[in-house]
Amino acid sequence: MTVRNHTDAQALADDVRQRLTGEAPGSPLVLAPVTGPGTLEPLRRLVAIEYQAHRVELVAYGTLLTRFPHQPAAELWVTLARIVHEATPKLREVARALSMSETDLAGRVADADGYAFHGAMSWIATSGSQSTAALAAHTDMQVYYSGASAVAQRLRETGAPVPGEFLDYYDDPGDDYLKELALTVAQDGLDRGDDSQEALFHAHRVADALLGLWKATTANPA
């Protein structure tokens, strides 16, 4: 009789969180100057990177829905796609408040780290297991929301000259229910026989990509 080792999705998520211990959420953007003529430029880069990532995410979640259409996975992909779809027009409002043009939204960011998330999500969507995709989604929510809210809260506290639309959009703690759903879907995949080490490897890839995203916002233009 074959005996399977039980792997807990929460333990994998804890492993990712432990590795991030000591990383300031949103760093180094959270440490960027809040006064002076260049204050808004990193924020514009953040908006452009996220806006471009939305298309990648929508394709990724649609692909995952076709690959894993059963419950509870289907609920996760559909909900994530809806959140991204509804966030895009709100992000365009943020861009307008920052005086960004369509060219600015589509513009290339100097640091290639700004696109690491795109590559990670594309591979996961087409080739990753259910648990890999779900743990990656959980990691995305954990790292993105903590970083974004840290940036927004610092800007509020320092009275930085930043449009309210930016602060309202990024000061968001995320949805705890959706994070729990992602872990449930990851666990379902593990229980079906998914490779836990593959899931953990790609969760770390996503975490690293998001940390690189914050770095890219403060990179000097090429």
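The lining of the largest cavity divides into 9 nonpolar residues, 1 polar and 1 charged; here Ala, Val, Leu, Ile, Met, Phe, Trp, Tyr, Cys and Pro count as nonpolar, Asp, Glu, Lys and Arg as charged, and the others, Gly among them, as polar. This is a predicted model, in which local features need pLDDT of at least 70 and side-chain atom pairs count only at pLDDT 80 or more, while totals for chains, interfaces and linings use all residues. Residues are numbered from 1 along each chain as its sequence is written, and side-chain values use heavy atoms, with hydrogens and water left out.

A cavity is a set of points, on a 1 Å grid over the protein atoms alone, where a 1.4 Å probe fits but cannot get out; a pocket is an open set with protein on both sides within 12 Å along at least five of seven lines; lining residues have an atom within 4 Å of a point. Points are joined across faces, edges and corners, and a volume is the space filled by probe spheres set on them.

The count is 1 cavity of 30 Å³ or more, and the largest has a volume of about 70 Å³. Helices H2 (41-67) and H6 (130-158) each supply at least two of its lining residues, helices being DSSP runs of H or I, at least four residues, numbered from the N terminus. H6 gives the most, with 3 residues.

I turn to the largest pocket, with a volume of about 580 Å³. Of its 26 lining residues, Glu50, Ile83, Ala87, Tyr144 and Tyr145 are the closest to its centre. H3 gives the most to this lining, with 7 residues.
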